[in-house]
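Here is a short briefing on one protein chain. Look through the sequence and the fold first, then read the points below.

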Amino acid sequence: MSRQHGRISMTSTGVVQLQDLASTHGTWIRNKRLEADEYRDIHDGDRITFGSTVTSGPGMPKPTNFLVLLATNKVL
């Protein structure tokens, strides 16, 4: 995973998004790779992965996975 691999942000309308920052080994959401600088909406329960499996060289890092849990401040 790169130091600046991807970015999670929220739009002015409250939509949470993931952006790939032109990473070498990819940013993935719902098992689909984002293109460099592409934004994609994030939903509750999505799985995000930073990086991919690299097989060259000893001690290479494995991909980092996250499960998205979004909370709201709405009164039901």
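Start with Gln19: this residue counts as buried, because its relative accessibility is 6% and the cut-off for buried is under 20%. Keep in mind that the model is predicted. The protein has seven strands and zero helices.

**Around Gln19**
- Gln19 sits in strand E2.
- Its side chain makes a polar contact of 3.2 Å with the side chain of Tyr39.
- Leaving out residues up to four places away in sequence, Gln19 touches His5, Gly6, Arg7, Leu34, Asp37, Glu38 and Tyr39.
- One of these, Arg7, is also the bridge partner of Gln19.

- Strand E1 covers residues 6-10, and strand E2 covers 16-20.
- The two strands run antiparallel and are joined by five bridges.
- Together E1 and E2 form a hairpin, with five residues between them.
- Gly14 lies in the turn and has a positive phi of about 90°.

- Strands in a sheet pair through backbone hydrogen bonds, in a parallel or an antiparallel way.
- Here, four strands make an open sheet in the order E4-E3-E6-E7, and the pairing is antiparallel.
- Strand E4 (32-33) and strand E7 (64-67) stand at the edges.
- Each of these edge strands has a single partner strand, so one side of each has no neighbour in the sheet.
- Strand E6 (residues 47-50) pairs with E7 over four bridges, in the antiparallel sense.
- Arg47 stands opposite Leu67 of E7.

**The nonpolar core**
- Which residues make up the largest nonpolar core? The eight are Val16, Leu18, Ile29, Leu34, Ile42, Ile48, Phe50 and Val68.
- Strands E2 and E6 are the elements that give two or more residues to this core.
- Ile48 is in contact with Ile8, Leu18, Trp28, Ile29, Ile42, Thr64, Asn65, Phe66 and Val68, leaving aside neighbours within four places in sequence.

**The whole chain**
- Along the sequence, the pattern reads β-β-β-β-β-β-β.
- The protein has 76 residues, and 25% of them count as buried.
- The accessible surface comes to about 5700 Å². Carbon and sulfur atoms account for 52% of that surface.
- Take the contacts between residues at least 6 apart in sequence: 24% of them join residues at least 24 apart.

Methods:
Residues numbered from 1 in each chain as written. Predicted model: local features only at pLDDT ≥ 70, side-chain atom pairs only at ≥ 80, totals over all residues. Heavy atoms only, no water. Buried < 20%, exposed > 50% of the residue type's maximum accessible area, 1.4 Å probe, protein only. Contact = heavy atoms within 4.5 Å. Areas by Shrake-Rupley, 256 points an atom, 1.4 Å probe, with all protein chains shown as cover. Pairing = 2+ DSSP bridges. Core = buried A, V, L, I, M, F, W, Y, C linked by side-chain atoms within 4.5 Å. Polar contact = N/O pair within 3.5 Å; in protein donor to acceptor, adjacent residues only side chain to side chain.
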